[in-house]
Amino acid sequence: QKALKHYEKALALEPGNIEVLLNRAATMIEVGQWEEATARIEALLEKNRRNDSAWYNLGLVNKSINRLQKAKQNFLDCLSINGKNTKAMLQYQSFRR
């Protein structure tokens, strides 16, 4: 929760900072704030559909809440943007086992 407060302060100073927005969403995922993380990531993707990190994080959310088909597609979307994203590749491959 402390980290989320720090991200909120950083965003107050620089609201459009993509890195901070993504880190805040990743922290929300870690603490189980799935719906809030989903909303934040989808808002990022509305602005930039080519952000591979956003697709990756959305995949993590969907996998965590057992939306496996969506998660698989999110990781594939990430890889279509950045085929060298090894974390997304490993996540995508985990569905093939």
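Me: Where is Q1 found?
Reply: Q1 sits in the segment before α1 (2-13). Helices here are DSSP runs of H or I, at least four residues, and strands are runs of E, at least two, numbered from the N terminus.

Me: Is Q1 buried or exposed?
Reply: Exposed, because its relative accessible area is 58%. Buried means under 20% relative accessible area, exposed over 50%, and partly exposed in between, with a 1.4 Å probe and protein chains only.

Me: How far apart in space are Q1 and T27?
Reply: The distance is 8.6 Å, C-alpha to C-alpha. Along the sequence, Q1 and T27 are 26 residues apart.

Me: What kind of model is this, and what are the ground rules?
Reply: This is a predicted model: local features need pLDDT of at least 70, side-chain atom pairs count only at pLDDT 80 or more, and totals for chains, interfaces and linings use all residues. Residues are numbered from 1 along each chain as its sequence is written, and side-chain values use heavy atoms, with hydrogens and water left out.

Me: Overall fold. How many helices and strands?
Reply: Six helices and zero strands. The pattern along the sequence is α-α-α-α-α-α. The radius of gyration is 13 Å, close to the 13 Å that the globule rule gives for 97 residues, so the protein is as compact as a globular protein of that length. That radius is taken over C-alpha atoms, and the rule is 2.2 Å times the number of residues to the power 0.38.

Me: What does the C-alpha trace span?
Reply: About 45 × 25 × 20 Å along its principal axes.

Me: How much of the protein is buried?
Reply: Buried residues make up 38% of the 97 residues. The accessible surface comes to about 6100 Å², and 49% of that belongs to carbon and sulfur atoms. The areas come from the Shrake-Rupley method with a 1.4 Å probe; for residues, only the protein chains shown count as cover.

Me: And charges? How many positive and negative side chains?
Reply: 16 positive and 10 negative, with the centres of the two sets 6 Å apart. Lys and Arg count as positive, Asp and Glu as negative; His and the chain ends are not counted. Each charge is placed at NZ of Lys, CZ of Arg, CG of Asp or CD of Glu.

Me: Switching to α5. Is N74 buried or exposed?
Reply: N74 counts as buried because its relative accessibility is 6%. It lies in helix α5 (residues 68-81).

Me: What does N74 touch?
Reply: W55, L58, G59 and N62, leaving out residues up to four places away in sequence. Contact means heavy atoms within 4.5 Å.

Me: K72 is in that helix too. Which residues does K72 touch?
Reply: Y92 and F95, again not counting residues up to four places away in sequence. K72 is partly exposed, at 27% relative accessible area. Its C-alpha is 9.1 Å from that of S94, 22 residues apart in sequence.

Me: Next, N85. Where is N85?
Reply: In the loop between α5 and α6 (86-94). N85 is buried, with a relative accessible area of 11%. Its side chain reaches the backbone nitrogen of K87 at 3.3 Å. Beyond its neighbours within four places in sequence, N85 is in contact with D52, C78 and L79.

Me: What about the phi of N66?
Reply: It is positive, about 65°, although N66 is not a glycine. Most residues other than glycine have a negative phi. N66 sits in the loop between α4 (52-64) and α5. N66 is exposed, at 58% relative accessible area.

Definitions and conventions
A polar contact is a pair of N or O atoms within 3.5 Å; within protein, one must be able to donate a hydrogen and the other to accept it, and residues adjacent in sequence count only if both atoms are side-chain atoms.
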